[in-house]
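User: Hi, could you walk me through this protein? I'm new to this, so please take it slowly.

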Amino acid sequence: MSLSANALSVSANSQTPPRERILAAASDLFYRNGIRAVGVEAIAAAAGTNKMTLYRHFASKDELVAEYLRRLAGDAGHFWDGLAAAHPGNPRAQLRGWLAAMEAHVVDTEQRGCALANAAIELPEKDHPARRVIEQFKAAQRERLIALCGATGADEPELLADELFLLLEGARVSAQSVGPTGPASRLVRMGEALIAAHLS
C-alpha cells in the first residue's frame, strides 16, 4: 500500500485515535506537497480535528515533522528485517531483493522519491529536530548496506555499499527530473553490475 493510500484510509476513519489521524494526514500532505508548503490548519482539517488537538499531541509543527520521519525510518527497518526473513543466510539474494524493491519504488509514478531525502533538502537548519532523524536514518541505511555487502564476500564492502547508495540516490533524482523510463529504470541492472565487479 502506498503512503498516500494508507494515510487517507487512517485519517478517514473516525475510530482511529486523533494522534494517529494527525500523523496519517501529515504524512500524506508532507510527502505530496512538501513540508514547508503544508500548514497545521490543513493537517488538522485533513485529520478531521482542530489545531488545539494537534498541538495537544505535538508541541510544534517541527515536532510533528520529526515524528513523521521517525515513523518512516521505522518502516524501513521492518523492510530490512523482511528481506533477511525472505532470504535467510543469503546476503546476495537480500541485495537483489533490495535493488528490486528500490527500483519498483523509484519508477512508481505515484511516488516522489525518498521522503527523508526530500525533507533534508527542505530543512537545512542543523538544529531542526528532524535533522537528527534524517542523519541517523541515512547513516543506518549505509551501515546496513555495508554489512550486507561484506556478507556477500565483496572485496571492498564499504566502497560497494557507497556505490549502491549513491546509485539509488541518483536514480531517485533522475526519476523525478527525466521520468521513470529514463536511467532510473536501469537501477537493478546497474546495481547488479556493480555487485558483480566487486565479487570477481
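Predicted model: local features only at pLDDT ≥ 70, side-chain atom pairs only at ≥ 80, totals over all residues.

User: Which residues of α8 are the buried ones?

Analyst: The buried residues of α8 are A130, R131, V133, I134, F137, K138, Q141, L145, I146, L148 and C149.

User: And how many residues does α8 have?

Analyst: Helix α8 has 23 residues, and from its first C-alpha to its last it reaches 34 Å, which is close to the 33 Å expected at 1.5 Å a residue. Just after α8 comes G153, which takes a positive phi of about 90 degrees.

User: Okay, let's zoom out. What kinds of elements does the protein have?

Analyst: The protein has 10 helices and zero strands, so if you follow the elements from the N terminus on, you read α-α-α-α-α-α-α-α-α-α.

User: How does its radius of gyration agree with that of a compact globule?

Analyst: A compact globule with 200 residues would have a radius of gyration near 16 Å, and the protein has 18 Å, which agrees. Taken along the principal axes, the box that its C-alpha atoms fill is roughly 60 × 35 × 30 Å.

User: What share of the residues count as buried?

Analyst: Of the 200 residues of the protein, 42% count as buried. If you look at contacts with a separation of 6 or more, residues 24 or more positions apart account for 64% of them.

User: Back to the helices, what covers the buried residues of α6?

Analyst: The cover includes α5 (61–86), α8 (129–151), α9 (157–178) and α10 (187–199). Helix α6 itself runs over residues 91–107, and its 17 residues reach 24 Å from first C-alpha to last, close to the 24 Å expected at 1.5 Å a residue. Among its buried residues are L95, W98, L99 and M102, and also Q94.

User: Why does Q94 count as buried?

Analyst: Q94 counts as buried because its relative accessibility is 11%, and buried means under 20%.

User: What is Q94 in contact with, leaving aside its neighbours within four places in sequence?

Analyst: Leaving those neighbours aside, Q94 is in contact with L83, A84, H87, G89 and L148. One of these, L148, is also listed among the buried residues of α8.

User: Last topic, what about the surface and the charges?

Analyst: The protein exposes about 10000 Å², of which carbon and sulfur atoms supply 56%. As for charges, there are 21 positive and 23 negative ones, and their mean positions are 4 Å apart.

Technical notes: Residues numbered from 1 in each chain as written. Heavy atoms only, no water. Helix = DSSP H or I, 4+ residues; strand = E, 2+ residues; numbered from the N terminus. Rg over C-alpha atoms; globule rule 2.2 N^0.38 Å. Buried < 20%, exposed > 50% of the residue type's maximum accessible area, 1.4 Å probe, protein only. Contact = heavy atoms within 4.5 Å. Areas by Shrake-Rupley, 256 points an atom, 1.4 Å probe, with all protein chains shown as cover. Lys, Arg positive; Asp, Glu negative; His and termini not counted. Charge placed at Lys NZ, Arg CZ, Asp CG, Glu CD. Expected span 1.5 Å × (residues − 1).
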